[in-house]
Amino acid sequence: MQYTQTVPSSVAPGSILTCSRCAHKWAIRKKGDLPKNCPKCRSTLWMKNYHVYTCMKCEHSWGTANESPQRCPKCHTSKWNTPNVSRSAKENRIVCRLSPEAKAQIYERYDAGETIITISVATGIAFGDVMDAVLERNPSATARI
Ligand SMILES: [Zn+2]
Ligand SMILES: [Zn+2]
């Protein structure tokens, strides 16, 4: 699963960040906002094309400027982006359980440029449900979280 964020709002302790300019990697020790500059090259554009990926095997999430990571940094699987094959395509299809009204509200906000997190906060709809609604409409899309 892949999410693309230009500027993630905050980072969890232990996250590994990667500068998209000089490829320097560093770990975040405290919870809080993302650093403005890369500690090595001082570029303020270090998070440009920053991606957040989630491993489908161990559910580890990590941020990187790498367009196509080869391995999950935690469990080291190279199949981190491959869904479990035991599930059929039908079962994998996202079906959103929200009402048509709630979905319309989500799509309107999403199309206006809001992210899944801000929609979830503004509407009180659970993050996972907002995500399902967005993915149900366009399963191949890269969701903005
Ligand atoms: Zn850098
Ligand atoms: Zn993993």
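Reader: Let's start with the strands. In which sense do β6 and β7 pair, and over how many bridges?
Author: Keep in mind that this is a predicted model. Strand β6, residues 51–54, and strand β7, residues 61–64, pair in the antiparallel sense, over 4 bridges.

Reader: Which residue of β7 is the bridge partner of Thr54?
Author: Ser61 is the one that bridges to Thr54.

Reader: And how many residues sit between β6 and β7?
Author: The two strands form a hairpin with 6 residues between them. Glu59 is in that turn, and its phi is positive, about 65°. Glu59 is a residue other than glycine, with that positive value.

Reader: Is Glu59 buried or exposed?
Author: Glu59 counts as exposed, because it has 12 C-beta neighbours inside 10 Å. The cut-off for exposed is 12 or fewer.

Reader: Why would they alternate?
Author: In a regular strand, side chains alternate between the two faces of the sheet.

Reader: How much of the chain counts as buried?
Author: 17% of its 145 residues. As for contacts, take those between residues at least 6 apart in sequence: 44% of them join residues at least 24 apart.

Reader: On to the helices. Which residues of α4 are buried?
Author: Helix α4 spans residues 127–137, and its buried residues are Val130, Met131, Asp132, Ala133 and Val134.

Reader: What covers them?
Author: The cover includes α2, residues 100–111, and α3, residues 116–123.

Reader: Take α3 then. At what angle does it cross α4?
Author: The axes of α3 and α4 cross at roughly 125° and come within 9 Å. That angle makes α3 oblique to α4. The crossing is right-handed.

Reader: Which residues make that contact?
Author: From α3 you have Ile116, Ile117, Ile119 and Ser120, and from α4 there are Phe127, Val130, Met131 and Val134. By type, the residues of this contact are 7 nonpolar, 1 polar and no charged.

Reader: On a helix, why would residues a few places apart point the same way?
Author: An α-helix has 3.6 residues a turn, so residues three or four places apart point the same way.

Reader: Now α2. How do α2 and α4 pack, and how far apart are their axes?
Author: They pack at an angle of about 80°, with the axes 10 Å apart. So α2 and α4 are roughly perpendicular to each other.

Reader: Which residues meet there?
Author: Lys103, Ile106, Tyr107 and Tyr110 of α2 meet Val130, Ala133, Val134 and Arg137 of α4. The residues of this contact divide into 6 nonpolar, no polar and 2 charged.

Reader: How far is Lys103 from Asp129?
Author: Their C-alpha atoms are separated by 9.4 Å, and the two residues are 26 residues apart along the chain.

Reader: Switching to the loop between β5 and β6. What is the phi of Arg42?
Author: Phi of Arg42 is near 65°, which is positive, and Arg42 is a residue other than glycine. Arg42 is in the loop between β5 and β6. It is exposed, because it has 12 other C-beta atoms within 10 Å.

Reader: And where is Asn49?
Author: Asn49 is also found in the loop between β5, residues 32–33, and β6. Asn49 is partly exposed, because 13 other C-beta atoms lie within 10 Å. The C-alpha atoms of Asn49 and Cys19 are separated by 9.8 Å, with the two residues 30 residues apart along the chain.

Definitions and conventions. Residues are numbered from 1 along each chain as its sequence is written. Chains are lettered from A and ligands numbered from 1 in the order in which they are written. This is a predicted model: local features need pLDDT of at least 70, side-chain atom pairs count only at pLDDT 80 or more; totals for chains, interfaces and linings use all residues. A residue is buried if 20 or more other C-beta atoms lie within 10 Å of its own, exposed if 12 or fewer, and partly exposed in between; C-beta atoms are placed from the backbone. Two residues are in contact if their C-beta atoms, placed from the backbone, lie within 7 Å. Two strands pair if DSSP finds at least two bridges between them. Axes are lines fitted to C-alpha atoms, for helices over the stretch in contact, and angles run from 0 to 180 degrees between N-to-C directions. Angles under 35 degrees count as roughly parallel, over 145 as roughly antiparallel, 65 to 115 as roughly perpendicular and the rest as oblique. A crossing is left-handed if the near helix is turned anticlockwise from the far one by less than a right angle, and right-handed if clockwise. Ala, Val, Leu, Ile, Met, Phe, Trp, Tyr, Cys and Pro count as nonpolar, Asp, Glu, Lys and Arg as charged, and the others, Gly among them, as polar.
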